[in-house]
Amino acid sequence: MSPNTDPTAASSVTVLGLGPMGRALAGAFLDAGLRTVVWNRTPGRDDELVARGAQRAMTAEEAVAASPLTVVCVVNYDASDAILRDGPVTSALKGRTVVNLTADTPDRARDTAAWASEHGVDYLDGAIMTPTTTIGTPHAVLIHSGPQPLYARHRPVLDVLGGTHTHLGEDIGRAAAYDVALLDIFWTAMSGYMHAVAIAKAEGISATELLPFAQGIGAILPPVFADTAAEIDNNTHSGEGNPITSAVSSMAHIVHASETHGIDASIMRAAESLARKAIDLNHPTDGFTRVADVLSRG
Ligand code: NDP
């Protein structure tokens, strides 16, 4: 291996934050043979990692001073700010690199990048799109943004986390923007699924009985995304064969069925009202994707 691609050529990597994801990241670095320094606000989360060879730092300052690269993975940017923007930690970070894999918003990523620039800290932002069990395996999906040369420099170490890494651009907020958009799909879909199982249960159908059909509905979505992306980008929204009026009728059935059983229908009511707004704005023959346009209009 050349020094440019050998992750162990890096002298050390520090991981700040040892929740389930931080522990998975540190574990992958250890498995790759990297000297791995770990720190967590609450002590005691590093025992297993230390048993596997990680070096315990007693303070965040000591942790960041031990490595040229620090990976942060905590609950949100309030937490990462509380760690990084502490005077001694900030001073110790000068001339070093932080990769922040904490999930939050694009604005918070940009704000942290401005802080890093003011304090001579090299900064990359990123997000992890897959569960802890994928880390260090081919199934991990990580996205990154920030200065390309900095990303290229640390790529060999980041690659140790496994799977697919995509650098989305120099705009530091870009990874968080993708993350928020993708999590919007996930949480909206999960909320819909929870609502669906509540209706099914009220009708005497278990989640297990519904499962094969629920999986079938889920599998319809990727081709729908593929078929409609260009229409959304071009703001065309063809409703041929499936106009938005038909969608509203289907949604009204769901609202009615839920409320018959005393189940909160606010999720579906919100979706129905957006679709009705599109109709009211004179788009009754358009497809459901017109809703994206209605939302963008504010
Ligand atoms: P959590 O999101 O619960 O984060 C826990 C970590 O945050 C702990 O290290 C905790 O420290 C730390 N923390 C919380 N508040 C503070 C604070 N004020 N100051 C310092 N540290 C603080 O657990 P995860 O490890 O699962 O997630 C970490 C990040 O990874 C999140 O942004 C999450 O969205 C993202 N992620 C997680 C996935 C998963 O499957 N778990 C999947 C994809 C992304 P302490 O122990 O002291 O409380």
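How many Å separate the centres of domain 1 and domain 2, taken over C-alpha atoms? The answer is 39 Å, with domain 1 covering 12-171 and domain 2 covering 206-297, bounds that come from an automatic or database domain assignment.

Before I go on, please keep in mind that this is a predicted model, in which local features need pLDDT of at least 70 and side-chain atom pairs count only at pLDDT 80 or more, while totals for chains, interfaces and linings use all residues. Residues are numbered from 1 along each chain as its sequence is written, and side-chain values use heavy atoms, with hydrogens and water left out.

As for polar contacts, meaning pairs of N or O atoms within 3.5 Å, a polar backbone atom of Ala103 lies 2.9 Å from an oxygen atom of the ligand. A backbone N or O atom of Val74 is 3.0 Å from a ligand oxygen, and for Pro20 the corresponding distance, again from a backbone N or O atom to an oxygen atom of the ligand, is 3.2 Å. On its own the ligand has 890 Å² of accessible area, of which the protein covers 72%, by the Shrake-Rupley method with a 1.4 Å probe.

Definitions and conventions
Polar contact = N/O pair within 3.5 Å; in protein donor to acceptor, adjacent residues only side chain to side chain.
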